[in-house]
Amino acid sequence: MSWIDQFQGLSRLPDAIRNYLLEESKIVTVPANTVIFGPGKSPENLLLLLEGTVRVQQTSDAGREIVLYRVHAGESCVLTTACLLAYEDYSAEGIAETQTRAVAIPRAAFDKLVSDSIEFRQFVFTAYSKRITDLFVVIEEIAFRRLDIRLAQKLIELCGAEDTVLSTHQKLAVELGTAREVVSRQLQEFQRRGWIEQTRGTIKLIDRNEIGKLAKS
């Protein structure tokens, strides 16, 4: 088995295409907290993640940040795909949240495979369409869902076995696409209800049951 078999859709590639992909691509390692790409930069490779997580986020003119999505092992970055297909520069930045290993497929090889291989083309557009759907969900949540519900969901998602979330108000605001002050006010309300306790950089869930009920409402 090769790294190709870690990606659903690529395992069906004909032998000649597999061999070409293996010859033209290379495996790269990126340290945690490295900015992999950013606004105004042109993509040189399609990256397929083998290990780690990459956070893709955008910053507004006013300086507000929002997490658009994360790329996990076995996935590709839809923004990179879009920029490669349209020959455009990035409009957001990708940051390695952990040490990351990825397969880098150069633009020339990407163009050839999209043109010559229906299996590779299906792999690219299937991943692209799925991530676009995910982005619509993000937009819908920000535009139409109450912040208290989204915050409760995020706390449940981030807490570990000890019911503790290690995060600042600013980081939570970035995750939710809102202002830090708004998150702070909502967390103060949760604390007033006796649902959480806060210390610097830490939020402890005291009444996970009530937070869970709100998250599911």
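1. A quick definition before anything else: a cavity here is a set of grid points where a 1.4 Å probe fits but cannot get out, and a residue lines it if it has an atom within 4 Å of a point. With that in hand, the residues lining the largest cavity are Ile 36, Phe 37, Leu 47, Leu 49, Val 54, Val 71 and Cys 77. Bear in mind throughout that this is a predicted model.

2. How big is the largest cavity? Its volume is about 40 Å³. Counting cavities of 30 Å³ or more gives one. Two elements give two or more residues to the lining of the largest cavity, namely β2 (35-37) and β3 (45-51). Sorted by class, that lining has seven nonpolar residues, no polar ones and no charged ones.

3. On to the largest pocket, which has a volume of about 420 Å³. Its lining takes in 19 residues, and the ones that lie nearest the centre are Val 138, Glu 141, Lys 154, Glu 157 and Glu 175. The elements that give two or more residues to this lining are β5 (65-72), α4 (118-144), α5 (147-158) and α6 (169-176). Which of them gives the largest share of the lining? That would be α4, with seven residues.

4. Now for the helix packing around α5, starting with α6. The axes of α5 and α6 come within 11 Å and cross at roughly 110°, so α5 is roughly perpendicular to α6. The crossing in which α5 passes α6 is right-handed. On the α5 side the contact is made by Leu 147, Arg 150, Leu 151, Lys 154, Leu 155 and Leu 158, and on the α6 side by Leu 172, Glu 175 and Leu 176. The classes in this contact of α5 with α6 come out as six nonpolar, no polar and three charged residues. Lys 154 and Glu 175 turn up in this contact and are also among the residues nearest the centre of the largest pocket.

5. Next, α5 against α7 (residues 180-192). These two helices pack at an angle of about 75°, and their axes are 11 Å apart; α5 and α7 are therefore roughly perpendicular to each other. From α5, the residues making the contact are Leu 147, Asp 148, Leu 151, Ala 152 and Leu 155; from α7, they are Val 182, Val 183, Gln 186, Leu 187 and Phe 190. By class, the contact of α5 with α7 holds eight nonpolar residues, one polar and one charged.

6. Last, α5 against α8 (residues 208-216). Roughly perpendicular or oblique? The packing angle of α5 and α8 is about 125°, with the axes 8 Å apart. Angles of 65 to 115 degrees count as roughly perpendicular, so α5 is oblique to α8. Their crossing is left-handed. Asp 148, Ile 149, Ala 152, Gln 153 and Ile 156 of α5 make the contact with Arg 208, Ile 211, Gly 212, Leu 214 and Ala 215 of α8. That contact of α5 with α8 splits into six nonpolar, two polar and two charged residues.

Methods:
Residues numbered from 1 in each chain as written. Predicted model: local features only at pLDDT ≥ 70, side-chain atom pairs only at ≥ 80, totals over all residues. Heavy atoms only, no water. 1 Å grid on protein atoms, 1.4 Å probe; cavity = no way out; pocket = protein on both sides within 12 Å on 5 of 7 lines; lining within 4 Å. Points joined across faces, edges and corners; volume = space filled by probe spheres on them. Helix = DSSP H or I, 4+ residues; strand = E, 2+ residues; numbered from the N terminus. Axes fitted to C-alpha atoms, helices over the stretch in contact; angles between N-to-C directions. Parallel < 35°, antiparallel > 145°, perpendicular 65-115°, else oblique. Left-handed = near helix turned anticlockwise from the far one by under 90°. Contact = heavy atoms within 4.5 Å. Nonpolar A, V, L, I, M, F, W, Y, C, P; charged D, E, K, R; others polar.
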